[in-house]
Amino acid sequence: MSDIAKLQIGEDSYEFPLVKGTENEVAIDIKSLRGATNGVITIDPGYKNTGSCESAITFLDGEKGILRYRGYAIEELAEKADFLEVAYALIFGDLPTTEQLEKFHTDIKSKSVVDDDIKKILDAFPKTAHPMGILSSLTSALTAFNPTSVNVDSEEEMYNAIVKIMAKFPVLVAWTMRKQKGLPLNYGSKSLGYVENIMKMMFEEPNEDYVMNPIIKDALDKLFILHADHEQNCSTSTVRIVGSSHAGLFASLSAGISALWGPLHGGANQAVLEMLEAIKEDGGDTKKYMAKAKDKSDPFRLMGFGHRVYKNFDPRAKIIKKAADEVLASLGVEDPILEIAKGLEKEALSDPYFVDRKLYPNVDFYSGIIYRAMDIPVEMFTVMFAMGRLPGWIAQWKEMRLNKEPIGRPRQIYTGENVRDFKSIDNR
Ligand code: ACO
C-alpha cells in the first residue's frame with residue numbers, strides 16, 4: 001500500500017500522509033486539510049471513522065474480538081494478574097516487578113485518608129441522589145482539598161497525583177454506597193490488598209468483623225480488570241478532552257464519570273438489570289421483549305446487546321459470563337433474573353435481526369448479575385464500573401498530557417439561519 005492518500009475536491013487534488021499503528025491499522029493524517037483546501041473539513045458525528053489520537057495503551061480489534069492492555073491479552077490478565085498490577089501496567093507502561101508493585105501499593109496506602117470535610121458534602125446530598133452524581137461531585141470536590149495543580153513535566157508531581165486519586169477514589173466509591181444504605185462512613189485497613197480493602201470499606205457492617213469471600217474477591221478483581229480500559233470510548237475521550245484544556249486530573253476524571261453514567265455507556269449495567277427485572281415483573285415473556293427490540297417504532301433496545309466496536313463478540317463478556325456462574329454457584333444464589341438473561345441471550349444469538357446486525361452480549365450484560373449477587377444496589381453498578389475504569393482514565397490523561405496534545409476543539413458545519421436583522425421584543 002502506498003503511504004499517501006489522495007483527495008479530489010472538484011478540480012483540485014490533495015495528498016495526505018498515512019499513519020500506521022503497530023498492529024497495522026491505517027489512518028489518513030488530515031492535520032493539514034483545512035489549511036490546504038481553504039477551509040474544507042471532515043464531518044463524522046459519533047466519530048465512527050475518526051481517530052482522536054495515537055495511543056500506546058490499549059489495542060482492540062472489534063472484528064476479531066481482541067482486547068489487549070499494553071500488549072497483554074485481556075484473557076491472560078483476567079486469569080493471572082490482580083487489579084493493582086493491571087492498573088500499574090496501564091498507567092506506567094508495563095507490568096510491575098514485585099518491588100515496583102509494593103512501592104506503588106505502599107504509596108497508595110499512605111494517601112488513603114480523605115479530608116473529613118468531604119463527609120459534610122456527602123451529608124448534604126439526599127439519600128435518593130444517584131451515586132454517579134455523588135461520585136462525580138466528590139471527585140471534583142477533592143480538588144479543593146488537594147490544592148496543588150499538577151506540573152505534568154515533573155515526574156514526581158505526576159506520580160503523586162496518580163497515587164492520591166488511586167488511594168482516595170475507593171473511599172469515595174465505598175462512602176457513596178454506604179450513604180445510600182445508611183451505613184456509617186468507615187475506612188479500610190492498610191494490611192489489606194487493594195481490592196480486599198475496597199470490599200471491606202463497602203461491605204463491612206458496623207457490628208461485626210468483616211470476613212472476605214475469596215470467590216467474590218476474585219470476581220471483583222476480574223470485573224475491575226475487564227473494565228480498566230477500552231481505548232477511546234465516550235468517557236475516556238471525555239477525560240482526554242477535558243484534560244486537554246489543562247483542567248486538573250480530578251476535574252477531568254469527574255467529567256469522565258458523568259460521561260460513563262449514560263445508559264448507552266457504563267449506565268448499561270444498571271439498565272440491563274432494570275430491563276431484566278421489568279421482564280420478570282411482566283411474566284418473564286422474553287419473546288415479547290425480543291419483538292419490542294426489533295420493532296423500529298418502539299424505542300426499546302435490548303440493553304447489554306451490541307457494541308460500537310465489537311461486531312463479532314465482546315471478549316470481556318465470555319470471561320464475565322463464567323465468573324457470573326461461579327459467583328452465583330458459590331453464594332448458592334438461584335436468581336430467576338439469570339434464567340431470563342440466558343433465555344434472551346439464546347434467542348438473540350439465533351435471531352436474524354441480531355445476527356445480521358452483529359449484536360452480541362457485551363460486558364454489561366453479565367456484570368450486573370454478579371453485582372446483584374454481591375448485594376450491591378443497582379444504582380451502584382455504574383459506580384463499580386467507574387472504580388474499574390479509574391486506571392484507564394488516569395493512563396489516558398497522562399499519555400495525553402505527556403504527548404502535549406493540543407486542546408480538543410472540533411469544528412462544525414453550520415446549518416442555522418443566515419444573518420438577519422434584530423427585531424425588538426414587541427415586533428416579534
Ligand atoms: N437492541 C436492538 N437493536 C439494536 C441494539 C439493541 N441493543 N443495538 C443496536 N441495534 C440496532 C440499531 O437499531 C441499528 O439498527 P438499523 O441498522 O436497523 O437502524 C443497528 O442495530 C446498529 O445500531 P447503532 O445504534 O447504529 O450502533 P452503534 O454502534 O451506534 O451503537 C450501542 C452501539 C450504543 C452500544 C448500541 O448497540 C446500544 O444502544 N446497545 C444497548 C446499550 C448498551 O448495552 N450499551 C453498553 C455498551 S458497552 C459499554 O459501554 C461498556
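The structure is a predicted model, in which local features need pLDDT of at least 70 and side-chain atom pairs count only at pLDDT 80 or more, whereas totals for chains, interfaces and linings use all residues. Residues are numbered from 1 along each chain as its sequence is written, and side-chain values use heavy atoms, with hydrogens and water left out.

A side-chain N or O atom of Arg 301 is 2.7 Å from a ligand oxygen; the corresponding distance is 3.0 Å for a polar side-chain atom of Arg 308 and 3.1 Å for an N or O atom in the side chain of His 265. Of the 930 Å² of accessible area that the ligand has on its own, the protein covers 78% (Shrake-Rupley method, 1.4 Å probe).

Helix packing was examined next. Helices are DSSP runs (H or I, at least four residues) numbered from the N terminus; axes are lines fitted to C-alpha atoms over the stretch in contact, with angles from 0 to 180 degrees between N-to-C directions. Helices H9 (residues 214-227) and H14 (residues 315-331) pack at about 165 degrees with their axes 10 Å apart. H9 is therefore roughly antiparallel to H14 (angles over 145 degrees; under 35 counts as roughly parallel, 65 to 115 as roughly perpendicular and the rest as oblique). The crossing of H9 and H14 is left-handed, that is, the near helix is turned anticlockwise from the far one by less than a right angle, clockwise being right-handed.

The axes of H14 and H17 (residues 363-373) come within 8 Å and cross at roughly 20 degrees, so H14 is roughly parallel to H17.

How values were computed:
Polar contact = N/O pair within 3.5 Å; in protein donor to acceptor, adjacent residues only side chain to side chain. Helix = DSSP H or I, 4+ residues; strand = E, 2+ residues; numbered from the N terminus.
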